[in-house]
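Hi everyone, thanks for coming.

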Amino acid sequence: MEKLRNGYLFPEISMRREAHQKKYPDAKVISLGIGDTTEPIPSIITSAMSEYALGLSTPEGYQGYGPEQGQKGLRKAIAEKVYPNMGIRDTEVFISDGAQCDIARLQMLFGRDVTIAVQDPTFPGYVDNGVIMGQTGGAEEPSGRYAGIEYMRCAPENGFFPDLTTVPRTDVIFFCSPNNPTGHAASREQLRQLVDFARRNGSIVVFDSAYTSYVSDSGDKPRSIYEVPGAREVAIEISSFSKFAGFTGVRLGWAVVPDELLYADGTRVARDFDRVVCTSFNGASSVAQVGGLACLATEEGREAVRRVVGKYKENTRVLVDTFAALGKEVYGGDDSPYVWVRFPGQRSWDVFAEILEKTHVITVPGSGFGPGGEGFIRVSAFNSRERVVEACARLTSFLA
Ligand code: PLP
């Protein structure tokens, strides 16, 4: 624990926001920072949850513990609706209380002796859980790296995809696409390279598809690693209802661990993951699972969540257009709720502080996602259209 960075990124941003609000009590601060959803959950989903919850007060409707791996109907709906024609069986889907929690459980499964690689920049959860497990040699270095972790640089210069011919072998590769924070969705060819690389090296890929519902061009950009031939033998996929259905507070996600994913001794990784799940987690909330099923089971439910994602995607367009009109180098946005903006020669925290001071808009400093994020900020589309438009007007008058 002592090796972990002093502050986690988002608490640090909250502290700065509070200090700013104290300094300017009348300022209307707009947050385009933390990746929390803001749109209400469609009522077709909440009414299914409330009906089930009320049933819990009746002798006929009461249910206690469910299967640790999740309700059969939801596992089946995910296998069929999220992974059509990808050969995913319902028994390979493990329902969870969110992708964040699955990252911790997977790191618990892998243990302290594995080597890991991560994209740089990336969501901090993979590295931080690795540090907690003891996978690193020492505390965070001034460069923002931990010794013992392989950082795969993903920048505009390499199409946000690492040159795998120069990446050393690791036991596990955490790969997030569409990526948080860069917003880049890997192409089919890039994922094919990743799967081949893992197969050659005997590595496990943990593919985080929490933002897959934002992918615009699903022709060239797979929505799942299992669209790539051979992925079933090397990849675990973790995903979530958080950004897809606004379940950041409700809490629901899943992990797919295919039967063909084997350790070197031929035993199934799924068997051990099942053991970890049954030991450290007694299953996701039954109310949340009913909500998850309502998102997937009917065309009406699926259309309702698509509409919400569509609203955020329109916000992203407004953000991208604003930064582009200001002559900024801007990435992401097409396939994710995040926009990644470069400020050459400047430090991310300085840009964050300057924008907050002058416009009362909260962003996220790119360096919080790894050394490769230095010089960038992440801007999130998770807010109302009105606030996004207002934030863009303020940014335009400041940056123009
Ligand atoms: N993975 C990525 C890439 C994320 O950005 C987030 C949340 O921001 C999570 C996982 C956590 O998701 P959940 O709410 O399902 O725990």
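Let's start with two helices, H11 (residues 348–359) and H12 (residues 385–399), which pack at an angle of about 105 degrees with their axes 10 Å apart. That angle makes H11 roughly perpendicular to H12, a label that covers 65 to 115 degrees, while under 35 counts as roughly parallel, over 145 as roughly antiparallel and the rest as oblique. On the H11 side the contact is made by Glu 354, Ile 355, Lys 358 and Thr 359, and on the H12 side by Arg 394, Leu 395 and Phe 398. By class, the residues of this contact divide into three nonpolar, one polar and three charged.

A quick word on where this comes from. This is a predicted model, where local features need pLDDT of at least 70 and side-chain atom pairs count only at pLDDT 80 or more, while totals for chains, interfaces and linings use all residues. Residues are numbered from 1 along each chain as its sequence is written, and side-chain values use heavy atoms, with hydrogens and water left out.

Now the terms, for those of you who like cut-offs. Contact means heavy atoms within 4.5 Å. Axes are lines fitted to C-alpha atoms, for helices over the stretch in contact, and angles run from 0 to 180 degrees between N-to-C directions. Helices (H or I, at least four residues) and strands (E, at least two) are DSSP runs, numbered from the N terminus. For residue classes, Ala, Val, Leu, Ile, Met, Phe, Trp, Tyr, Cys and Pro are nonpolar, Asp, Glu, Lys and Arg are charged, and the others, Gly among them, are polar.

Next, strand E13 (residues 376–380). Are its residues buried or exposed? Five of its five residues are buried, meaning under 20% relative accessible area with a 1.4 Å probe, protein chains only (exposed is over 50%, partly exposed in between). Phe 376, Arg 378 and Ser 380 cover one side, and Ile 377 and Val 379 the other.

Which strands pair with E13? Strand E10 (residues 338–342) does, in the antiparallel sense over five bridges; pairing here requires at least two DSSP bridges. Arg 342 stands opposite Phe 376. Strand E12 (residues 364–365) also runs antiparallel to E13, joined by two bridges, with Val 364 partnering Arg 378.

Let's zoom out. The protein is divided into domain 1 (9–41 + 301–399) and domain 2 (47–298), with bounds from an automatic or database domain assignment. Their C-alpha centres lie 25 Å apart, and the contact takes 29 residues from domain 1 and 40 residues from domain 2.

On to the sheet. Seven strands form an open, mixed sheet in the order E2-E8-E7-E6-E5-E3-E4. Strand E2 (93–96) and E4 stand at the edges with a single partner strand each, so one side of each is left without a neighbour in the sheet. The twist averages 20 degrees from one strand to the next. Within the sheet, E6 and strand E7 (residues 235–240) run parallel, joined by four bridges; Phe 207 has Glu 237 as its bridge partner in E7. Helix H5 packs on the sheet, touching E3, E4, E5 and E6, and its direction makes about 150 degrees with that of E3. Helix H8 (residues 269–280) packs there too, touching E2, E6, E7 and E8, at about 20 degrees to the direction of E2.

Last stop, H5 itself (residues 125–133): seven of its nine residues are buried, including Tyr 126 and Val 127. Just after H5, Gly 134 takes a positive phi of about 95 degrees. Thanks, all!
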